[in-house]
Amino acid sequence: MPSQTPEPTTSSRIRAAKACARCNQKRVKCDASTVGQPCSRCRRSGLEECVLISSRRGQYARRRPTVSSQASDGVEAAASNVNDAEHHSRRDTGSTSNGASGFLSTTGPNGVAPPHRTSHVEAIIEQTTPAEPTPGSQRSGVSSGTAHKEVSWASMFNHFLDTRQTNSQDAIDKCSITYLGESFPLALVLEDLREGGRTRLHHPGPPIESPETVQHVDGILNHPPHLLPEDIAFLEAKHVFEYPPPDVYDALIEVFLNTFLPIYSLVHRPEFEDHYRQKKLPWIIVHSCCFIATTFCTDVLIHRAGYATRKDARYAYYSKAKVLFDTNYERNKIVVLQSTLMLTFWGGGPNDYWNTWSWISAAVTIAETLGIHRSTLGANMSPKDRSLLKRLWWMLVVRDASCSTLVGRPFRINMEHGDAEMLTLEDFEVDARILEAADHPLKISFADYQIQVARLSLLLYDIDYARFIPGPKALSMSQVYDRLQAWKNDLPMAVDWDQSSDLLATCLSMMYDHHLMLASLGVSGSEVAAGGSHTNGIQLPFAELAAQRVSTQASAMIMKNQSLMVPHETYQPVFVAGVVSYMSMRSSQTTQSQLGRFVVDNCRMVLHSVRDAWDAAPWIITLFDGLTISVNASRAQEHGEAHTMDMARTPGDLSAFMGDLDESTMGFGMPASWQSNPMFSALFDVSQPMDGMDGILTGLNTAQRTAVTSEASVLQVLAPPGSGKTKTLTARVACFIAHRQLKPWNIIVCTFTIKAAREMQERIRGFVGDQVAKKLKIGTFHGIALRYLRQYGRHVGLGDNFGVADTTDSKAIVKRIIAQTQSELDPAAARSRISTQKSKGVSAEQFAST
């Protein structure tokens, strides 16, 4: 009886039997063997010379792997054709794959690349062939004759079975891992997957190929073979295959290496630098790194790169990396995971499907596909690769815990499903040597910081499970506090803020306080100590004290210009500190209320300084503004006072305030019109207008009156040009003198230009008279500083006859010194270096001794 089993089918590869030299060079399909010479393309181009190339098909040895009887009939022919085409393609282009090179290198445990083993599975691909080539295919090195190729799931599992039958001890390339969990039925029945009674989880995956980003001599870029020509044309239209200007690119990569990498070690630095120098970084890594750099760099570099704002620069590089992700351009999972982790720093807006949490979700999916959430101790993998996978996993854990807690969303990672080893100092040995050689300021603390922040992130899961997840509680709050204190007690000296003033130690202190505040909000001291437990030295009240410490530490970072140098997880404690202090603001006790207001104002100032770098800051600022106005309105109504805000609203009705704002303010994106809302000027308490101030307040709108009459000791007014900031400032000075009895000689009024200083003096004179106005210290920052130096300079070693050199003078002095010393220094570079050292407080003697 004939078999009813259908014959296995394979996708056929459409290729020309013979090709002319011109079509072969352009990598397009040639029809010379069917229509004769010249071929159709040569005829359309008006070329009569159409010479067929000499094919090597059938002239070189081809390995025929042994396959199972069930698969061999339907696979052998396809494998032959694909391997033949692969060999022919490499010979024509002279290209090599860097998909697993550099910081993505394919190495064995001893750093030696394992021999490439051709498998019959590499040929099992799904293909579709476009009918006609597009212009993009010729200029981009992709032909319509190269079909769209997609490795199937069958390919992966067939490769797994093939390697199992041949040599199960092959070194695992971190860029291509087949992960089989214990519950996978196949793993349960294959006894040889068990090592020492435990199922082996990580296996070598199918070889991957990624293009080199270097240009060939003919100026054509080498692109992945799985993309269609129209895909490449689309990417070219998005300018994703273009580097930033060389000097800007170098500066951005320097920020990535020296600011971001020491706090998020997601690449193997030596290999990354090597590929950067050779221009072999994958395009998605190039743009992701530039996106990160524009998030952490100074404003000077943003403008140097040609962008008006940080938001514009970040979006430009983010959108290029995202389009490469969307088109599946890069097939190396480690590269994609690294890029996706960097893109988690993009917040998005309320209507964006791709935001911080969706990028984290994508990263978790990729990480679990590779199995890096599981222990790799038993995997045949090089220590370097194992360390990189651990660093990637724990960075993802930190990002997931922090970002999910920020808005109260569920964690994307279930830690009960993983058993990855905790980071150790050995995982950072290479980076430590590099930072030590460069004398990096974080050389001592960076590794300990990343280890401890990973451990601290696990405690966020504990807090969430103990307080917020419905159902039976596995932990009591007293146990949570015990674990927090135990974590602090185990801190290494390099990151123990009680023993070190290191920047990262301060960051850990703020995160620790964040956890205390989150655990303590709404929890009484009796609840903490329930069951006879104790707090191990944690002081009560937890939340208020922690909020004050965070406010102080964050303000110090702003004063030291360090706000863009810290991990983004440091900003979240500022938000929580503001929430805790808002609750204190509502207290009926005057002292506690004023202290709460002071901390809220501090937090708002800190968030404002990072509003363009941390995408959550704008909506948090908006939230605090609404809450503050709500408290002010409630108090004014309680005391029957005339409030300057819209009293038609119900006191405490925050939704009424938020309804006035553009909906984009509630997303992570910064709204373009946020400063035009007059309520944003009302940052502090709104008091009842004082008697006799009608003359000073005449002509001021509601928000301006609020600023003028505020009782706050520190006031920040945010408003666009032409909105009346100078008018508000002069009226506030007049209010200080006329109604708060401040002595005019104790008031300093600074501005940037002489013209503005004169205008302010005239306006104040109109309020308080000429004699009083003369006693004020009004002028530019430089003018007032010079005035004090003239008066008190002798106390810091300055003589009475010192002079001030302007730009022209300093240029002439530097040129004269260079000429006298016969130096080859560039005068502009020398002036810049001097200015930099002076800004750092380095004296000439100190600099000379270095």
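At what angle do the axes of helix α20 and helix α23 cross? Keep in mind that this is a predicted model. Here the axes of α20 (residues 503-520) and α23 (residues 571-585) cross at roughly 40° and come within 9 Å. Angles from 65 to 115 degrees would count as roughly perpendicular and those under 35 as roughly parallel, so α20 and α23 end up oblique to each other. As for handedness, α20 passes α23 in a left-handed crossing.

Now look at who does the touching. On the α20 side you'll find Met 510, Met 511, His 514 and Met 517; α23 brings Gln 572, Pro 573, Val 574, Val 576, Ala 577 and Val 580. Sort that contact by class and you get eight nonpolar residues, two polar ones and no charged ones.

Next, the cores. The largest nonpolar core has 149 residues, and Phe 256 and Phe 260 are the ones with the most contacts inside it. Leaving out residues up to four places away in sequence, Phe 256 touches Leu 261, Leu 266, Val 267, Phe 272, Cys 289, Ile 292, Ala 293 and Met 342. Apart from this core there's another, of 19 residues, including Ala 731, Ala 757, Ile 764 and Leu 776. In soluble globular proteins, nonpolar side chains tend to be buried together.

Phe 272, one of the residues Phe 256 touches, leads us to helix α10 (residues 269-277), where Phe 272 is buried along with Arg 269, Glu 271, Glu 273, His 275 and Tyr 276. And what covers those buried residues? The cover includes α9 (246-260), α11 (283-296), α16 (383-407) and α17 (429-437). Just after α10, Lys 279 takes a positive phi of about 55°.

Key:
Residues are numbered from 1 along each chain as its sequence is written. This is a predicted model: local features need pLDDT of at least 70, side-chain atom pairs count only at pLDDT 80 or more; totals for chains, interfaces and linings use all residues. Side-chain values use heavy atoms; hydrogens and water are left out. A nonpolar core is a set of buried Ala, Val, Leu, Ile, Met, Phe, Trp, Tyr and Cys residues joined through side-chain atoms within 4.5 Å. Buried means under 20% relative accessible area, exposed over 50%, partly exposed in between (1.4 Å probe, protein chains only). Contact means heavy atoms within 4.5 Å. Helices (H or I, at least four residues) and strands (E, at least two) are DSSP runs, numbered from the N terminus. Axes are lines fitted to C-alpha atoms, for helices over the stretch in contact, and angles run from 0 to 180 degrees between N-to-C directions. Angles under 35 degrees count as roughly parallel, over 145 as roughly antiparallel, 65 to 115 as roughly perpendicular and the rest as oblique. A crossing is left-handed if the near helix is turned anticlockwise from the far one by less than a right angle, and right-handed if clockwise. Ala, Val, Leu, Ile, Met, Phe, Trp, Tyr, Cys and Pro count as nonpolar, Asp, Glu, Lys and Arg as charged, and the others, Gly among them, as polar.
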